[in-house]
Amino acid sequence: LLYFSPETFKINYFQDSIMYLITTIFLLIHQGNIQSIQNPRRITGLQDDDFVEAIWMLINLGIVSIPYYVFTNVIELPILCFIYGSGTAAFWYHISIPKTAKQIEKEIRSICSKS
């Protein structure tokens, strides 16, 4: 984008991008982990329901983006993005990862017991 954009690069754009990423990334990773375990794809490649999944992803992205817009536009305290992002990172690390690992173990036991 910087290469093709006629606008000059402003550090504020970069800071806003980092704050947005911090507030959304860990929640999206958590949702992706849960979705991958609850509804695994058995077949790779383009499928009929991919369009629905893409729309569902955009809805999730919109939902997890709400805190960023509230912190930066409504409350106008962007520092809250870092605090919120730290909280979601802690949640992801301490709760989401162990929960996902337990669900994977449960699925493996279920699959192995059927064989």
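In what order do the elements of the protein chain run from the N terminus on? They run α-α-α, and the chain holds three helices and zero strands. Helices here are DSSP runs of H or I with at least four residues, strands are runs of E with at least two, and both are numbered from the N terminus.

Before I continue, a note on the source: this is a predicted model, in which local features need pLDDT of at least 70 and side-chain atom pairs count only at pLDDT 80 or more, while totals for chains, interfaces and linings use all residues. Residues are numbered from 1 along each chain as its sequence is written, and side-chain values use heavy atoms, with hydrogens and water left out.

Let me turn to the overall form. The protein chain has three helices, and its radius of gyration is 18 Å, well over the 13 Å that the globule rule gives for 115 residues, so the chain is more spread out than a compact globule. That radius is taken over C-alpha atoms, and the rule is 2.2 Å times the number of residues to the power 0.38. Along the principal axes, the C-alpha atoms fill a box of roughly 60 × 35 × 25 Å.

Of the 115 residues, 17% count as buried; buried means under 20% relative accessible area, exposed over 50%, and partly exposed in between, with a 1.4 Å probe and protein chains only. As for contacts, meaning heavy atoms within 4.5 Å, residues 24 or more positions apart account for 75% of those with a separation of 6 or more.

I come now to the aromatic residues. The structure holds five aromatic pairs. Rings of Phe, Tyr and Trp (its six-membered ring) pair if their centres lie within 6.5 Å; planes under 30 degrees apart count as stacked, over 60 as edge-to-face and the rest as tilted.

In one of these pairs, the ring centres of Y20 and Y69 are 6.4 Å apart and the planes stand at 55°, so the pair is tilted. Y20 belongs to helix 1 (residues 11-38) and Y69 to helix 2 (residues 50-74), so this pair ties together parts 49 residues apart in sequence. Y20 is partly exposed at 23% relative accessibility, and Y69 is partly exposed at 43%.

F26 and W92 form another tilted pair, with 5.4 Å from centre to centre and 40° between the planes. Here F26 in helix 1 is linked to W92 in helix 3 (residues 79-114), 66 residues apart. F26 is partly exposed, at 22% relative accessibility.

Finally, ring pairs join Y20, Y68 and Y69 into a cluster.
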